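Please look over the sequence and the fold shown here before reading on. The report that follows goes through a few of the strands and how they pair.

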Amino acid sequence: MAAAADLVVPTLAIRSSVAVELWSSAGSKQPYEHKAHLPREETKSSRSICFSPDGRYFAYSNGQTVKVLEASRDSAASWPVIATLPRPKAFYLNFSPRGRYLCTWENYTITKDRPEGSPNLLVYEVATGDEVFAIVQKNQTDWQPSWSSDESIFALVVGGEALFYDLGEGAEKGFASTSRKIGGSRGGMLSLGPGNCPPFLAFYTPGAKGAPSMCKLYKYPALGQNQTVACKSFFQADRVEMLWNKRGSGLLLLTSTEVDKSGASYYGNQAVHFMATKGDTCSVPLSKEGPVHCVKWSPKANEFVVVYGFMPSKAALYNLKCDVVFDFGEGPRNCAYFNPFGTLIVLAGFGNLPGAVEVWDVAKREKLANLKCADTTVFEWHPNGEWFITATTAPRLRISNGFKVYHYSGALLHETMWPQGQELLGIEWQQFPDKTFSEPKITKAKHEGIKSSQPEASKKAYTPPHLRLLKEGKNPEQYLPQPSIPGLAPAAAGGPNKKRNKNKPRGAKKDVNVVNGGDADSASTDVAPAAAVPPGGAPGAQQTPPVTVPEAGQEQRKQQPQQNTPRPRYQQENAADQSRNQAHQHPHSPAQGQGQANGQNISEKERKIRGVAKKLSDIKKLKLRLSQGESLELNQVNKINMEARYLDELKALKLSA
């Protein structure tokens, strides 16, 4: 641990299904828990928690109001409430860069009294709790307004038009009217860069009617059409995500389309572009096809990482010239996280991936640790640059909710699992001003940790049950389920012979060659006694005297007038094989073979036995449902009452057989 980390008590803000509370720890080896002096409010309606960027204020909603608390400088003192805002439906909260203002957003609604709708984006002054600005913002995705680093400029996009407010002379006068406007096309996006005052800003305009989309850089307040600092145009962009580096000197554009017209990707098309405040623009080269999963700037503002490509995805580190300076290789990952100092980077695979986490030393370009954090929905570095937290939260996952704190070496420092019936909804580190913590020294030394209470997944390969029995020297057939129908043989109950009996031919098949005018010599005459039917006789009558089989030549002469075209060779062979198979099954019993082939008394009786056995099986299932307390229909109850009758019928059928 860095020495500065011991001087500041790390605090966690936790939002659960029962309360909003703050937890703290006395040190790296001490557990996280709620202290008596820390705030805690029981509520089931909290939707948002938020720390100010410098960690001085903490705000949360409780379903009735929004409360703003001031952090105590003394680790043993309480956190007083300095403002209570009347926003019961507040959905999102966001502080300004210096924590002077708090923005709240709620769902846009229309009432009979106000058919035009009420303002749903409001700005409050934290010190006084007064509302200083209100406007209608229907867009939930990009509702956050943009601020300059010194809070002198406030900007937001409404209806595709960027509105600017100068707050240099105070909030009351600055929010009274807009100072400048640009844009006007629907779908426009705005982002103010950090660092510089006055800032650089980027404005995105979507393309229309075959024209390309465009992103322009301006230096505020020069917002004229001919005053652009840099301009980048591109096709195939339904949406753009704008990412500034910490100095505000470089901008990355992650463009994406919702649908890939080529059908190569389910996620559409993505591309990464770079723009510099010096006027340089370029596209970031990607060496593997597939979606772009993540783009992140290093806090040092001179490097950025891109995770891209079909799984296993690639990760690469780029400089400001968009050249690859290091390739992390391929792996199951879709996220990247730099620590606050830019000395460590975590590459992880969350969401639909198993949760593999890699910790890399950025300066030495070497891997420090490998660990697995399954079911992670929240990941965040601690401001000290050495710890990070992983959490499983609802509603993404409603079971196994909890959080864990790790050291960058992979050691588990703390673990808390939520009790059954409760859900962890959100968790967030308290932020601190720059230079509160000194940059940690990165080493390969393993930090001492604790053992997780959660069971680890088995690493053994899956073995089917029958192979397990064979390895134990047991016969798998002994463990097969036995027929449960009373008085019925296993074969009739649906065992392995059921399919064979079902596929057995019901009637005698005539000689294919003879019927179609083929050569009768190619068919076997052994099955003639079994298949012969006297002229005028019924197919079901049993015939005792054998039928005389004519000679091959005579039969051929009789069939010659019916012969049209010769049979193909493969059909002749199939007919011969079929005849031989029938002769092999019943070589010495012509009468029995005749009955089986024609589907007579034996097959009819067997069908009746199967039908009665099926009814008895249904009755057994109905009685089981009745014993479990399930209510049955009247016809099902009548069927159960007829069980004795079906048993007598089954017995009579077997005796007659």
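## Terms and basis

Two strands are said to pair if DSSP finds at least two bridges between them, and the strands themselves are DSSP runs (E, at least two residues), numbered from the N terminus. This is a predicted model, in which local features need pLDDT of at least 70 and side-chain atom pairs count only at pLDDT 80 or more, while totals for chains, interfaces and linings use all residues. Residues are numbered from 1 along each chain as its sequence is written, and side-chain values use heavy atoms, with hydrogens and water left out.

## Strands β19 and β20

Strand β19 (residues 213-219) is joined to β20 by 5 bridges in the antiparallel sense, and within this pair Lys 216 stands opposite Cys 231 of β20. Strand β20 (residues 230-234) has a covered face made of Ala 230, Lys 232 and Phe 234, whereas Cys 231 and Ser 233 form the uncovered one. In a regular strand, side chains alternate between the two faces of the sheet.

## The sheet from β25 to β28

An open sheet is formed by 4 strands in the order β25-β26-β27-β28, with antiparallel pairing. Its edge strands, β25 (292-297) and β28, each pair on one side only.

How values were computed: Buried < 20%, exposed > 50% of the residue type's maximum accessible area, 1.4 Å probe, protein only.
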